[in-house]
Amino acid sequence: TAQDGQQFIKEMCTRKNGQIVYTWRNPGEKEFRKKLAVFHYLPEFDWVVVASSYEEEFYEPLRYLRHIFLFVFVISLIVLFALTIGYASYIVNSLDRLIRGFTSGSAGDFSVRLPGAARDEFGRLTDGFNNFMARLEEYNRSLREEVAHRKEAEEELRVRESYLSSIIE
């Protein structure tokens with residue numbers, strides 16, 4: 001890069017096509033700044049057409065897009081984290097409710113039912129649990145009735161055996 005502006009002009013005229021980075025200082029400015037020039041030769045006119053701009057002008061939109069991308073990325077991570085926490089909490093609470101239901105059922109409380117849930121896998125598990133407990137409760141009731149009937153029958157049998165025994169004696 002040349003500070004006086006002569007070298008890059010010679011290079012563009014020699015190469016005729018391409019791009020070049022050079023330093024430039026406008027009148028009244030204290031420091032040189034980098035400029036990017038893209039140039040192309042037009043043989044019909046024997047011209048070299050050049051478009052140039054300061055490097056920071058090219059990169060400023062990219063910096064802006066980088067900031068937007070980082071902002072969107074961070075917001076996405078926060079939303080994803082919140083969704084993950086929410087769904088994990090839903091899973092843990094659903095499983096905990098199911099475990100408490102089984103604990104009550106295994107302790108002999110066949111009347112336990114879980115509150116209705118969404119139509120997802122946990123809702124289907126809840127429905128299955130409630131159906132299972134309803135059948136257990138029905139079987140338990142039926143078994144108690146059967147035991148009660150057998151006890152009555154055994155008591156009747158004992159009474160008759162006692163009566164027959166007394167007659168025989």
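Start by selecting N130. Leaving aside neighbours within four places in sequence, N130 is in contact with R113 and L114. Contact means heavy atoms within 4.5 Å. N130 sits in helix α3. Is N130 buried or exposed? N130 is buried, with a relative accessible area of 15%. Buried means under 20% relative accessible area, exposed over 50%, and partly exposed in between (1.4 Å probe, protein chains only).

A note on what you are viewing. This is a predicted model, where local features need pLDDT of at least 70, side-chain atom pairs count only at pLDDT 80 or more, and totals for chains, interfaces and linings use all residues. Residues are numbered from 1 along each chain as its sequence is written, and side-chain values use heavy atoms, with hydrogens and water left out.

Now colour by pLDDT, the predictor's confidence in each residue, from 0 to 100. The protein averages a pLDDT of 90. A score of at least 70 is reached by 96% of the residues. Confidence is lowest in α1, at a mean of 84, and highest in α2, at 93.

Next, show helix α2 (residues 55–106) and helix α3 (residues 121–168). Their axes come within 11 Å and cross at roughly 5°. Axes are lines fitted to C-alpha atoms, for helices over the stretch in contact, and angles run from 0 to 180 degrees between N-to-C directions. α2 and α3 are therefore roughly parallel to each other. Angles under 35 degrees count as roughly parallel, over 145 as roughly antiparallel, 65 to 115 as roughly perpendicular and the rest as oblique.

Which residues of α2 and α3 meet? Select Y90, I91, S94, L95, R97, L98, G101, F102 and G105 in α2.

Move to the largest nonpolar core. Select its six residues: F8, M12, I20, Y22, A37 and F39. A nonpolar core is a set of buried Ala, Val, Leu, Ile, Met, Phe, Trp, Tyr and Cys residues joined through side-chain atoms within 4.5 Å. Two or more residues each come from α1 (6–15), β1 (18–24) and β2 (33–42). A second, separate core of five residues includes L98, V112, F129 and M133.

Click M12. Not counting residues up to four places away in sequence, M12 touches I20, A37, F39, V48 and V50.

Go on to Q19 in strand β1. Draw a line between the C-alpha atoms of Q19 and A37: they are separated by 5.5 Å, though 18 residues apart along the chain.

Finish with two loops. Most residues other than glycine have a negative phi. K16 has a positive phi of about 70°. K16 lies in the loop between α1 and β1 and, at 31% relative accessibility, is partly exposed. D46 also has a positive phi, near 55°. Find D46 in the loop between β2 and β3 (47–54). At 53% relative accessibility, D46 counts as exposed.

Notes
Helices (H or I, at least four residues) and strands (E, at least two) are DSSP runs, numbered from the N terminus.
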